[in-house]
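Dear colleague,

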Amino acid sequence: MTQTAKTYENLDIKKLDKSRMEISASIPTEVWEKFRTQALKNINNDAKMDGFRPGMIPENVLIGKVGEMPILEEMAELALSQAYMNIIIDNKIDAIGKPQVQLTKIAKSNPLEFKATTAVVPEVKLPDYKKIAKEGSKKSSPDEEVVNEKDIEDAVLKIRKSRVSHEGHDHKKMSAEDHEKAIMENLPDLTDDFVKSLGEFENISDFKGKVGEMLVEEKKNAANEKRRIRIADGIVDATTLELPDVMIESELNRMQAQFEGDIERMNVKLDDYLKHAKKTLEEIRAEWKPHAEKKAKLQLLLNEIARTEKIQPDQKEIEAEVNHIVEHYKEADRERAAVYAETVLTNEKVFQWLENVK
């Protein structure tokens, strides 16, 4: 399908592996030669020649200096930008990333011929995600959210250990066994006064009760996380989806940015961390790659489930999340924050929907 303005013709589109497309077409002579004036202006602005100000070199002098081919190439670049965009829109190609463009014929007074290879958003064929969600939502064990007396006693002991004074002990010279022994010998007694010093607790019974409530909440959160991982893994594993390299690279770049931010917050230089870990950034990215591919696949699947089931966050929810982001990250771009917020909120609503599939 070509436009009325006929910015391209002889269109041929082929599907390639890794969710890519090869687009071949030509641009009529009269169309791409219309860009000659703009091409000459662009080259003139960049050219330097003694005796002339930038952009003020006479055309015949400029052509004599740079030759005809650079002008044709600049004309081609301008015409290609227009034609490629029209092809993408006209043929509803969901292209991502920058295309690789090859000029197959460029000659004055002739049609301009080119070939472009571009990555596209993969076609997503959803598995039986409702069945997978029902299976994944089952508890892995009957007591995964149950807190018993031993759990509470262990948590209380851990709190008591955290209050032991380490003054006068050189832990670098102590074995792990001696270190643990020293802690146990200096444990504070579990008394009403002790628990009151920890916060708003009335007595030992109240303290243990609230520790139990905290553990129940932790176990529920852990069980919920495991449930979501089971559902996500099930849906991803049941899906055949070939990702373009650009999507995996994009996810790797996000992971790297988060990693570098975490390192910076620890007041550690990235080079020092890599030196200590005895790894290069490229080696770490290679280790991340399977996880990055899985995350990219999952996001596509969640997007498709949201579209199929008409799941979307309320605009007020998005706005509230954006306000929260820009309040805590002053340098955040509001438009990007909105895209991020919508994605996060949509994912949450999709998981909530999956967890409640009957």
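**Glu251 and its surroundings**

The side chain of Glu251 makes a polar contact with the side chain of Lys295, at 3.4 Å; a polar contact is a pair of N or O atoms within 3.5 Å, where within protein one must be able to donate a hydrogen and the other to accept it, and residues adjacent in sequence count only if both atoms are side-chain atoms. Please note that this is a predicted model, in which local features need pLDDT of at least 70 and side-chain atom pairs count only at pLDDT 80 or more, while totals for chains, interfaces and linings use all residues. Residues are numbered from 1 along each chain as its sequence is written, and side-chain values use heavy atoms, with hydrogens and water left out.

Glu251 lies in helix α10; helices (H or I, at least four residues) and strands (E, at least two) are DSSP runs numbered from the N terminus. With a relative accessible area of 7%, Glu251 is buried. Here buried means under 20% relative accessible area, exposed over 50%, and partly exposed in between (1.4 Å probe, protein chains only). When neighbours within four places in sequence are left aside, Glu251 is in contact (heavy atoms within 4.5 Å) with Ala292 and Lys295. The C-alpha atoms of Glu251 and Glu293 are separated by 7.6 Å, although these residues are 42 apart along the chain.

**An aromatic cluster**

Searching the whole structure gives 4 aromatic pairs. Rings of Phe, Tyr and Trp (its six-membered ring) pair if their centres lie within 6.5 Å; planes under 30 degrees apart count as stacked, over 60 as edge-to-face and the rest as tilted. The Phe259 and Tyr273 pair is edge-to-face, because the ring centres are 5.4 Å apart and the planes stand at 75°. This pair links Phe259 in helix α10 (residues 245–265) with Tyr273 in helix α11 (residues 270–277), 14 residues apart. Phe259 counts as buried at 14% relative accessibility, whereas Tyr273 is partly exposed at 30%.

Phe259 also forms an edge-to-face pair with Trp288, with 5.2 Å from centre to centre and 75° between the planes. Trp288 belongs to helix α12 (residues 281–308) and Phe259 to helix α10, so this pair ties together parts that are 29 residues apart in sequence. Phe259, Tyr273 and Trp288 form one aromatic cluster.

**The nonpolar cores**

A nonpolar core is a set of buried Ala, Val, Leu, Ile, Met, Phe, Trp, Tyr and Cys residues joined through side-chain atoms within 4.5 Å. The largest has 32 residues, and those with the most contacts inside it include Ile235, Phe259 and Trp288. Two or more residues each come from α5 (129–136), α9 (204–237), α10, α12 and α14 (334–355); the largest share, 10 residues, is from α12. A second, separate core has 29 residues, among them Ala39, Leu40, Ile87 and Ile88.

**Helix α2**

In helix α2 (residues 36–46), the buried residues are Arg36, Ala39, Leu40, Ile43 and Asn44. They line one face of the helix, because they fall within an arc of 135° seen down its axis; the arc is that of the directions from the helix axis to the C-beta atoms. On the other side of α2, Thr37, Lys41 and Asp46 are exposed. The buried residues of α2 pack against α1 (29–32), α3 (59–66) and α4 (69–90).

Yours sincerely
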